[in-house]
Amino acid sequence: MEKMKSLNPNNLGLLVEDCQKIEISQFLKESRLKMKEALVHSAIDASGMTIELMTSNMNFGGLRYWFKCPMCERRMGTLFIHPLSQKIGCRSCLGLEYRARRYKGMIEGIVA
Ligand SMILES: [Zn+2]
């Protein structure tokens with residue numbers, strides 16, 4: 001006597017190999033690529049100015065992300081908004097100093 005077949009209407013005797021696979025790892029890999037692609041092509045709107053992103057390749061693969069200084073167009077990890085002009089740029093473009101360095105100069109100036 002024939003063994004009773006499953007009542008599952010999808011059971012047509014197909015093999016796993018007959019079907020197209022959707023794997024989470026592949027899905028994540030593609031999503032990550034799309035995300036990175038979108039990130040690189042996105043621009044950040046800060047104080048009405050558009051700041052572009054740039055990338056550089058890391059030694060062991062992968063990408064590192066940077067801001068593009070709107071003034072000198074160099075890759076920067078940090079940009080600043082000038083408190084008076086409201087201009088956005090890197091430290092050197094805006095002529096900014098660190099407090100410690102300025103005080104150091106002042107103290108040396110006083111001692112000298
Ligand atoms: Zn700059």
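## Exercises on a zinc site

The zinc ion has 4 donor atoms at angles of 103 to 115°, and its site is tetrahedral. The model is predicted: local features need pLDDT of at least 70, side-chain atom pairs count only at pLDDT 80 or more, and totals for chains, interfaces and linings use all residues. Residues are numbered from 1 along each chain as its sequence is written, and side-chain values use heavy atoms, with hydrogens and water left out.

**Exercise 1.** Identify the protein donors of the zinc ion and their spacing in sequence.

*Step 1.* Look for donors (N, O and S atoms within 2.8 Å of the metal, or 3.2 Å for Na, K and Ca). Cys69, Cys72, Cys90 and Cys93 each supply SG, at 2.2 to 2.3 Å from the zinc ion.

*Step 2.* Write the spacing of these donor residues: C-x2-C-x17-C-x2-C.

*Step 3.* Cys72 sits in the loop between strand 3 (63-68) and strand 4 (75-76), and Cys93 in the loop between strand 6 (88-89) and helix 2 (99-111), so the pair ties together parts 21 residues apart in sequence. Helices (H or I, at least four residues) and strands (E, at least two) are DSSP runs, numbered from the N terminus.

**Exercise 2.** Classify Cys72 and Cys93 as buried, partly exposed or exposed.

*Step 1.* Set the classes: buried is under 20% relative accessible area, exposed over 50%, partly exposed in between (1.4 Å probe, protein chains only).

*Step 2.* Cys72 has 27% relative accessibility and is partly exposed. Cys93, at 28%, is partly exposed.

**Exercise 3.** Describe the fold's element order.

*Step 1.* Count 2 helices and 6 strands.

*Step 2.* Read along the sequence: α-β-β-β-β-β-β-α.

Definitions and conventions
Four donors count as tetrahedral if all angles lie between 85 and 135 degrees; four count as square planar and six as octahedral if opposite donors are over 155 degrees apart and all others between 65 and 115; anything else is irregular.
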